Amino acid sequence: TGLSAQERAMVERRQRLLGPAYRLFYEHPVHLVRGEGAWLFDAEGNRYLDCYNNVASLGHAHPHVVEAIARQAGRINTHTRYLHETVLDYAEALLATFPASLGHVMFTCTGSEANDLALRIARAHTGGEGIVVTSLAYHGVTASLAELSPSLGEGVPLGRHVTAVAPPDAYRGGPGMPARFAADIAAAFADLRRHGIRPCALLVDTMFTSDGVFPDPAGFLAQAAEAARSAGALFIADEVQPGFGRTGTMWGFQRHGVEPDIVTMGKPMGNGHPVAGLAIRPELLERFGGSVRYFNTFGGNPVSAAAGLAVLQVLRDERLPENAAAVGAHLLAGLAALAERHPIIGDVRGAGLSIGAEMVTDRATREPATAETARIVNALRERRVLISASGPGANILKIRPPLCLSREQADLFIGTLDEVLRVA
Ligand code: PMP
């Protein structure tokens, strides 16, 4: 499928060196060497529009972050067993973005480690183990998170202490969804209890990204959190995907008017530099902190803290959450207009620049257009627009551009998708 001799050699070399567990995007893999804003460039100098990368959320290679990393790396990089001011400045700036109830922040290097730490703390606090997640959730790569990440498939079994509930899908969820979501969570914790497993936490991505992007109606998460708390569990908001302005507000949970007990974060936190962590109500840390000595070699190091601090400055100075809200609304309106002409688009939904567009073969039956969606994603890639798909039928276009996306770039995305749908 159009691979050059050099690309073919590289694919072969990857398989030989990295083994069989790695996957590439697209039938025709992309070899990227440089990025700037929402643009990416391949080894031959071709330009791509990035509508998928939610790590370099400020824009690729943002100069302010690059400069902050380089400056700190050129001075010293240590860890949290020495006094250093930058991690404190960063903790202060980060906590200022949260409700006052979240008074402590702890640093890790990956979202997985943040979720793993959150679960350890939640277990210590509640004395329980029972976890409720959504049926296509992804929460991380460690053994403890793989067993509560049903999106990894049947080859990765769920833990006995884990129950997956249907996501709050207003399009397919049937009568009463997403209001029914809270009742399902209550029932799941009750069922765990009947099996002798005490409730520990409700852990959800506040935009349900891997389940298929379910933002509406804003507010349903507050009832879900209430259901968890009534059962004696904590509400952990996984903001690894929605956090740092993507939804048009700083945090995804804010749209729902709810205050989580713990918030985990990662991906865009360092705009590409591995920075992650959690924010938490201080009283929840008492039992864990009393018995556990927490040291993460790289978590909260001065270079990472400098990167994280620079990210917060750019988000504020360039008003990126506001841009995500405005350009996201424009993009969603463009998709809705496309849906009038292309019956394959069954539903469009999103908040800010976290958008899902669901492809169906028949609007009445809502049959997932799985094969067509794969063709659309690959056809967009051939036209140098990068996105991917998710959901149980792999039929939901997942659109997550950098937050600096311009209206013109949003229009380019819509125009290219229109072209692809006309020939798909
Ligand atoms: N939670 C969510 C919602 C994620 O999407 C991811 C990564 N895709 C993680 C946690 C894990 O983060 P990391 O890959 O940094 O460990």
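1. Which residues does Ile262 touch, not counting residues up to four places away in sequence? In this predicted model, Ile262 touches Ala118, Ile121, Ala122, Leu234, Ile236, Leu278, Ile280 and Leu284.

2. Ile262 also belongs to the largest nonpolar core, which has 121 residues. Ile262 is among those with the most contacts inside this core, along with Ile185, Ala201, Leu202, Ala224, Ile236 and Leu278. Helix α9 (residues 302-317) gives the most to the core, with nine residues. Because domain 1 (31-58 + 319-423) and domain 2 (63-317) both give residues to the core, it lies between them. As a general point, nonpolar side chains tend to be buried together in soluble globular proteins.

3. The chain is divided into domain 1 (31-58 + 319-423) and domain 2 (63-317). Their C-alpha centres lie 26 Å apart. Domain 1 puts 27 residues into the contact, and domain 2 puts in 28 residues.

4. On the side of domain 1 that touches domain 2, the elements giving two or more residues are α10 (320-341), β11 (345-351), β12 (354-362) and β16 (396-399). Of these, α10 gives the most, with five residues. By class, this side of domain 1 has 13 nonpolar, nine polar and five charged residues.

5. The ligand has 14 residues around it, of which Thr110, Gly111, Ser112, Gly140 and Val240 come nearest. Helix α4 (residues 111-126) supplies the largest share of the shell, three residues. The shell divides into four nonpolar, eight polar and two charged residues.

Technical notes: Residues are numbered from 1 along each chain as its sequence is written. This is a predicted model: local features need pLDDT of at least 70, side-chain atom pairs count only at pLDDT 80 or more; totals for chains, interfaces and linings use all residues. A residue is near a molecule or strand if its C-beta atom, placed from the backbone, lies within 6 Å of it. Helices (H or I, at least four residues) and strands (E, at least two) are DSSP runs, numbered from the N terminus. Ala, Val, Leu, Ile, Met, Phe, Trp, Tyr, Cys and Pro count as nonpolar, Asp, Glu, Lys and Arg as charged, and the others, Gly among them, as polar. A nonpolar core is a set of buried Ala, Val, Leu, Ile, Met, Phe, Trp, Tyr and Cys residues joined through C-beta atoms within 7 Å. A residue is buried if 20 or more other C-beta atoms lie within 10 Å of its own, exposed if 12 or fewer, and partly exposed in between; C-beta atoms are placed from the backbone. Domain bounds come from an automatic or database domain assignment. Two residues are in contact if their C-beta atoms, placed from the backbone, lie within 7 Å.
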